[in-house]
Amino acid sequence: MQDFRPKIIAFYCSNCASSAAKIANKMNLYLPEEVKLINVPCTGRIEILHLLKAFENGADGVCVFGCQEDSCQYINGILKLKKRVEHVKKMLEEMGIEPDRIEVFSLYAGKGQDFVDIAKEMVNKINQLGPIF
Amino acid sequence: MTEYKSGSNLEKVLKAGYFAFTGECGPPRGANVEVVRKKAQHLKGCVDAVNVTDNQTAVVRMSSWAACLILKEEGLDPNFQMVCRDRNRLAMQSDILGISAHGIKNMLCLSGDHQRFGDHPEAKNVYDIDSIQLISMVKKMRDEGAFLNGEKIDVPPKIFIGAACNPFAEPLEFRVYRLKKKIDAGADFIQTQCIYNMKRFREFMKRVVDMGLHERCYILAGITPLKSVGMARYMATQVPGMDVPEELIKRLRGAGKGKAAEEGIKIAVEQIQELKEMEGVAGVHLMAIEWEHRVPEIAKLAGMLPRPKVE
Amino acid sequence: MIIAEAKPISEILEMVKDFSKILVVGCKGCVTVCNVGGAKEVAILASSIRIGMRKKGKEVEVGEITLERQCDPEYIEELRDIIKDYDAVVSIACGVGPQFIAERYPDIMVFPGVNTKFMGGAIEHGVWAERCAGCGQCVIHYYGTMCPIARCSKSLMNGPCGGSNHGKCEVSPEIDCIWDKIVRKMMAQGRLEELLKIRPPKSWLTARDGGPRKMVREELAK
Ligand code: SF4
Ligand code: SF4
């Protein structure tokens with residue numbers, strides 16, 4: 001357990017989350033290296049299968065950064081995604097895996113600090129949970 | 001000599017032109033015969049017939065026909081209730097022959113509450129035939145001496161056929177037609193759902209009379225005394241098709257602590273007196289749920305005693 | 001179409017726990033349309049089985065294939081060469097699919113991956129409702145083209161029970177009272193007379209009650 005380095009996949013959308021990430025960068029705030037970023041046009045494009053595949057391929061945790069519910073460019077992408085994440089949580093639970101290993105966060109475009117803080121928190125949480133298998 | 005369909009006490013009383021008064025008895029959730037006998041004692045001499053419910057609210061109880069037999073032993077005229085939820089046409093017809101063989105002469109045909117409300121919600125529901133088809137089937141058995149499939153019955157059952165009516169259930173505009181359908185199918189008498197809104201019931205009865213339905217069938221108005229403000233509220237909000245006017249609830253509340261039950265009885269008595277005068281109403285069906293011991297008092301106050309004896 | 005719902009992963013994992021080569025078979029018919037048994041769902045289930053079994057401490061090989069239809073022997077035949085490599089099949093077609101596969105390949109264990117619910121359609125996105133109970137003798141034209149057999153909780157054929165409540169069924173506020181709809185439509189169309197006719201008891205001989213059904217069409221049969 002001592003040398004457990006969690007692998008976390010973070011999906012983020014090209015809008016709010018993306019600009020939060022950029023601002024973080026400008027502020028010289030960096031993501032923990034456990035977190036691998038995957039950019040998607042809109043979180044609404046992330047399917048249940050993508051989320052599961054992350055776990056299947058070795059992720060210990062998955063998080064999604066999206067827009068606020070009322071500011072999605074594609075109207076309700078983030079809402080659709082939130083329902084899918086809820087569904088995946090249920091599936092994980094049925095498989096005996098902690099549902100907390102997947103989370104979705106709505107970011108404000110300007111909040112670079114939040115982006116990094118949340119990512120760090122996620123790393124902490126997964127660290128506590130330990131490896132899945 | 002009068003020609004009777006079954007010759008039950010209820011039929012005789014109605015045919016002789018008396019204002020009928022019927023009661024109700026829910027069988028126990030067990031094989032406790034004494035409970036039934038005790039209920040019977042309260043009702044004896046106060047009512048012309050006693051309805052025996054059939055797994056009411058889809059909760060398992062002693063079978064309706066068995067409790068009917070006990071009531072009969074106690075000298076009452078049972079009204080055997082049968083719902084379409086639990087039996088297919090075979091079981092129905094055999095039970096009808098069975099009760100008739102034991103001298104039970106009234107029967108009330110009902111759809112029945114869906115089993116999802118009851119104590120075995122996982123049960124398969126039957127609904128092979130519906131309540132109107134059940135009425136026609138009993139009529140066919142009695143009048144044509146034939147089973148549903150047309151085959152002859154050796155000794156046909158003698159049954160006075162009853163049906164239910166909920167005047168205030170939705171869709172409202174269809175309710176009087178549904179009543180007509182039941183009468184067309186062969187109902188000899190009707191017992192309505194409990195009535196609280198007398199004004200609306202009066203309007204309903206006017207339509208019934210205009211259509212001449214009261215001349216083809218005896219209509220007994222249902223009355224359930226309110227025991228408490230809580231019960232009135234529950235009836236008003238939780239039971240579909242139940243219209244409990246706000247002023248009744250106010251009256252109960254106004255009666256003060258511990259006096260609501262007495263006020264409830266007073267209201268029921270007033271209703272019965274009003275129904276006695278209402279055109280088209282041939283009697284009252286008193287459903288005093290788990291309040292059988294108050295029936296003698298209500299009957300007396302409402303001027304229903306003594307009950308007529310028709311030979 | 002036939003509407004089905006996915007079984008919980010935990011139930012499927014329990015079914016296949018003793019196998020290490022599992023083939024998930026989808027169907028491009030009804031279950032694809034109701035988003036439960038098409039290629040997409042095959043991939044999701046396969047991935048879930050891999051994750052779930054790994055969690056149980058076992059690596060399994062999970063194959064994925066989606067057939068044109070599983071209710072036609074012709075398409076079941078397509079599994080012939082593939083199925084040899086597996087020791088269990090999970091079919092996510094309606095209840096017909098796994099039975100057809102098992103009939104054709106009697107030596108392999110075949111499990112149902114979905115619960116088959118009813119015949120109906122989508123009333124809005126993600127919501128399906130029952131419309132027909134397959135009684136074998138359709139009578140909906142008496143009832144404003146609405147089926148009281150499938151859609152009334154008591155299959156009443158002569159009018160609404162006393163529990164109808166603001167257009168909802170006494171069984172649940174989630175269920176429409178179909179009789180409320182039938183009465184309103186028929187009355188609005190001036191067809192009350194038709195509703196006043198007493199409909200006699202139905203013959204359930206043509207329904208499942210008459211025993212398992214089979215249909216032969218001489219002009220088509222070989
Ligand atoms: S009447 Fe029978 S065949 Fe027609 S829709 Fe209803 S269940 Fe189906
Ligand atoms: S409320 Fe309507 S749908 Fe429900 S059982 Fe009664 S008639 Fe049928």
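Between chain A and chain C of this predicted model, 6 residue pairs are in polar contact, both partners having pLDDT 80 or more. On the side of chain A that touches chain C, two elements of chain A give two or more residues, namely helix H2 (48-56) and helix H3 (77-94). The greatest contribution to this side comes from H2(A), with 6 residues. Classified by residue type, the side of chain A that touches chain C comprises 9 nonpolar, 1 polar and 4 charged residues.

Charged pairing also occurs across the interface of chain A and chain C, where 2 salt bridges are found. In one salt bridge, the side chain of A:Glu47 meets that of C:Lys40, with an N to O distance of 3.4 Å.

In terms of contacts, 14 residues of chain A meet 14 residues of chain C. The area buried between chain A and chain C is about 1400 Å², and 66% of it lies on carbon and sulfur atoms. Of the area that chain A buries against chain C, 42% is supplied by A:Glu56, A:Met95 and A:Phe133, a share that exceeds that of any other three residues.

Among the 2 pairs of chains that touch, chains B and C have the most contacts. Here 32 residues of chain C are in contact with 29 residues of chain B. Chain C and chain B together bury about 2700 Å², of which 58% is on carbon and sulfur atoms.

Polar interactions were examined for this interface as well. A total of 21 residue pairs are in polar contact between chain C and chain B, again with both residues at pLDDT 80 or more. At least two residues of the side of chain C that touches chain B come from each of strand S9 (172-176), helix H8 (178-188) and helix H9 (192-196) of chain C. H8(C) gives the most to this side, with 4 residues. By class, the side of chain C that touches chain B holds 15 nonpolar, 10 polar and 7 charged residues. Across the interface of chain C and chain B, 1 salt bridge is found. B:Glu173 and C:Arg184 form a salt bridge in which the closest N and O atoms are 3.5 Å apart.

Chain A and chain B, by contrast, are joined by no contact. The closest C-alpha atoms of chain A and chain B lie 25 Å apart.

Note on methods:
Residues are numbered from 1 along each chain as its sequence is written. Chains are lettered from A and ligands numbered from 1 in the order in which they are written. This is a predicted model: local features need pLDDT of at least 70, side-chain atom pairs count only at pLDDT 80 or more; totals for chains, interfaces and linings use all residues. Side-chain values use heavy atoms; hydrogens and water are left out. Contact means heavy atoms within 4.5 Å. Buried area is the accessible area (1.4 Å probe) that two parts lose on being put together, summed over both. A salt bridge is a side-chain nitrogen of Lys or Arg within 4 Å of a carboxyl oxygen of Asp or Glu. A polar contact is a pair of N or O atoms within 3.5 Å; within protein, one must be able to donate a hydrogen and the other to accept it, and residues adjacent in sequence count only if both atoms are side-chain atoms. Ala, Val, Leu, Ile, Met, Phe, Trp, Tyr, Cys and Pro count as nonpolar, Asp, Glu, Lys and Arg as charged, and the others, Gly among them, as polar.
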